[in-house]
Amino acid sequence: MSADAGRPSRCLLVALGPARLHFALGHFTRMTRRDIRVLQKRVRCFKCGTEFDGYTEAPDEGFGYAHQLFECSGCHTLFSRSIEDEHYGGSLQSRIVGVSCPTCAGALADTLHKVEFAGVCPGCGQRDYAGTDEAREAVISSYQLYE
Ligand SMILES: [Zn+2]
Ligand SMILES: [Zn+2]
């Protein structure tokens with residue numbers, strides 16, 4: 001009698017098992033967003049003429065705090081890592097394996113790529129642009145690949 005009474009709760013534990021595993025695999029990985037210092041450039045789209053702001057890596061001041069920029073090819077969400085992360089944080093591939101983009105849920109192992117210039121035309125979605133070399137420092141929020 002008492003052995004039977006213990007059964008239901010044991011079944012419940014088994015039922016919860018796969019869900020917990022799913023969670024551990026990183027499907028719900030939360031990435032930290034942080035403000036980073038970059039250079040902001042005003043450019044003009046060749047295709048449709050829209051002017052927009054894009055971002056490039058700020059020069060490092062010798063402390064390894066400057067950030068390299070990355071984008072998700074599925075949704076153009078911005079990601080970054082510091083130069084220090086690159087040296088001491090292990091390979092990028094090992095960081096993003098099994099991790100989904102917080103915006104479009106694409107697999108970052110497939111969609112993440114490093115960019116010299118972050119930003120696409122808000123008018124037509126193209127990357128065909130011209131700009132001046134004028135740049136000013138700006139602070140923007142981006143997902144941290146190493147946190
Ligand atoms: Zn994405
Ligand atoms: Zn355009």
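Two residues are in contact if their C-beta atoms, placed from the backbone, lie within 7 Å. The exercises below use a predicted model.

**Exercise 1. Find what share of the contacts between residues at least 6 apart in sequence join residues at least 24 apart.**

Solution. Start with the contacts in the protein chain between residues at least 6 apart in sequence. Of these, 67% join residues at least 24 apart. For an example of individual contacts, take Leu69 and leave out residues up to four places away in sequence. Leu69 then touches Tyr55, Glu57, Leu78, Ser80, Val115 and Ala118.

**Exercise 2. List the elements of the protein chain in order from the N terminus.**

Solution. First count them: the chain has seven strands and five helices. Then read from the N terminus: α-α-β-β-β-β-α-α-α-β-β-β.

**Exercise 3. State how much of the chain is buried, and describe the largest nonpolar core.**

Solution. A residue is buried if 20 or more other C-beta atoms lie within 10 Å of its own. Buried residues are 21% of the 147 residues in the protein chain. The largest nonpolar core has 16 residues. Those touching the most other members are Leu69, Phe70, Phe79, Leu108, Leu112 and Ala118. Two or more residues of this core come from each of β1 (33–45), β3 (67–72) and β4 (78–82). The largest contribution, three residues, is from β3.

**Exercise 4. Locate His76 and Ala105, give the phi of each, and decide how exposed each residue is.**

Solution. Begin with the general rule: most residues other than glycine have a negative phi. His76 is not a glycine, yet its phi is positive, about 65°. His76 sits in the loop between β3 and β4. It has 16 other C-beta atoms within 10 Å, so His76 is partly exposed.

Now Ala105, which also is not a glycine and has a positive phi, near 65°. Ala105 lies in the loop between α4 (92–96) and α5 (108–111). Ala105 has 12, so Ala105 is exposed.

**Exercise 5. Place Thr103 in the chain and name the residues that Thr103 touches.**

Solution. Thr103 is in the loop between α4 and α5. Thr103 counts as partly exposed because 13 C-beta neighbours are inside 10 Å. Leaving out residues up to four places away in sequence, Thr103 touches Cys72, Cys75 and Thr77. Gly74 is 29 residues from Thr103 along the chain, and their C-alpha atoms are separated by 9.1 Å.

Methods: Residues numbered from 1 in each chain as written. Chains lettered and ligands numbered in written order. Predicted model: local features only at pLDDT ≥ 70, side-chain atom pairs only at ≥ 80, totals over all residues. Helix = DSSP H or I, 4+ residues; strand = E, 2+ residues; numbered from the N terminus. Core = buried A, V, L, I, M, F, W, Y, C linked by C-beta atoms within 7 Å.
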